[in-house]
Amino acid sequence: MRRIAAAAALTFAFAPALASAERIVSVGGDVTEILFALGKGDRVVAVDSTSRHPADARALPDVGYMRALSPEPILALAPDHILAVADAGPPGAIDVLRQAGVRFTRIDDTPTVKGALAKIAAVGAAVGERAGEVARAAGDVEHALGAGEGGHADGRATPGLVAAEGMEA
């Protein structure tokens with residue numbers, strides 16, 4: 001009985017170290033940015049082609065476009081966890097990744113301020129981030145978007161500037 005208790009104590013003592021060793025493939029630029037903002041960039045081993053920020057993400061292997069994923073290159077990276085926006089696909093590729101036994105977390109992609117805050121919380125929960133760090137990141141985004149200050153009643157942010165490129169006058 002003491003051996004079981006000692007083994008359990010060691011397991012819990014090393015659980016944070018095991019979690020930090022997790023190899024993550026991030027699919028979706030916003031998911032990648034959130035992971036890096038939460039300080040988990042060192043756990044990301046690959047990203048999709050929409051992951052352009054932060055600059056460190058561009059140095060990682062690219063697994064292709066989020067809606068045209070191929071499971072083989074992703075599985076070759078031996079990830080422990082794949083975090084992907086809800087519209088990642090195609091569905092057959094997602095099925096293969098799940099059947100391969102890799103932990104797969106779909107992150108909702110509601111395009112509102114509330115949706116962005118929920119996405120931060122979902123990514124944080126998926127990687128076991130402390131609530132305080134998730135709240136800090138969500139607060140930064142909420143402040144940057146001006147949620148409640150000029151936003152729409154349904155949570156959509158009011159754009160401060162819209163730029164059109166390539167249009168002739």
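**Stop 1: two crossing helices**

Select helix 2 (residues 29-37) and helix 6 (residues 113-126): their axes come within 10 Å and cross at roughly 60 degrees. An axis here is a line fitted to C-alpha atoms, for helices over the stretch in contact, and the angle runs from 0 to 180 degrees between N-to-C directions. Helices (H or I, at least four residues) and strands (E, at least two) are DSSP runs, numbered from the N terminus. The crossing of helix 2 and helix 6 is right-handed.

Which residues make the contact between helix 2 and helix 6? Show Asp-30, Val-31, Ile-34 and Leu-35 on helix 2, then Lys-119, Ile-120 and Val-123 on helix 6. Contact means heavy atoms within 4.5 Å. By class, this contact has five nonpolar, no polar and two charged residues. Ala, Val, Leu, Ile, Met, Phe, Trp, Tyr, Cys and Pro count as nonpolar, Asp, Glu, Lys and Arg as charged, and the others, Gly among them, as polar.

A note before moving on: this is a predicted model, where local features need pLDDT of at least 70, side-chain atom pairs count only at pLDDT 80 or more, and totals for chains, interfaces and linings use all residues. Residues are numbered from 1 along each chain as its sequence is written, and side-chain values use heavy atoms, with hydrogens and water left out.

**Stop 2: around helix 2**

Stay on helix 2. Its buried residues are Gly-29, Val-31, Thr-32, Ile-34, Leu-35 and Phe-36. Buried means under 20% relative accessible area, exposed over 50%, and partly exposed in between (1.4 Å probe, protein chains only). Now show what covers them: the cover includes strand 1 (24-27), strand 2 (44-47), helix 3 (55-58), strand 3 (81-85), strand 4 (103-107) and helix 6. Step just past the end of helix 2 to Gly-39, which takes a positive phi of about 80 degrees.

**Stop 3: the largest pocket**

Rolling a probe the size of a water molecule over the atoms shows where empty space is left. The largest pocket has a volume of about 180 Å³. On a 1 Å grid over the protein atoms alone, a pocket is an open set of points where a 1.4 Å probe fits, with protein on both sides within 12 Å along at least five of seven lines; lining residues have an atom within 4 Å of a point. Grid points are joined across faces, edges and corners, and the volume is the space filled by probe spheres set on the points.

Select the lining: Asp-30, Glu-33, Ile-34, Ala-37, Ala-116, Lys-119, Ile-120, Arg-136, Ala-137, Asp-140 and Val-141. Helix 2, helix 6 and helix 7 (131-145) each give two or more residues to this lining. The lining divides into six nonpolar, no polar and five charged residues.

**Stop 4: loops to inspect**

Go to Ala-78, in the loop between helix 4 (71-76) and strand 3. Ala-78 has a positive phi of about 50 degrees although it is not a glycine. Is Ala-78 buried or partly exposed? It is partly exposed, with a relative accessible area of 46%.

Next, select Pro-54, in the loop between strand 2 and helix 3. The peptide bond from His-53 to Pro-54 is cis, with omega near -5 degrees. Arg-52 lies in the loop between strand 2 and helix 3. Arg-52 counts as partly exposed, because its relative accessibility is 44%.

Move to Pro-90, in the loop between strand 3 and helix 5 (91-99). The bond from Gly-89 to Pro-90 is cis, with omega near 5 degrees. Leu-69 counts as buried because its relative accessibility is 5%. Its C-alpha atom is separated by 6.5 Å from that of Pro-90, 21 residues away along the chain.

**Last stop: the whole chain**

Zoom out. How many helices and strands does the protein chain have? There are seven helices and four strands. Along the sequence they follow the pattern α-β-α-β-α-α-β-α-β-α-α. Of the 169 residues, 34% count as buried.

How values were computed:
A crossing is left-handed if the near helix is turned anticlockwise from the far one by less than a right angle, and right-handed if clockwise.
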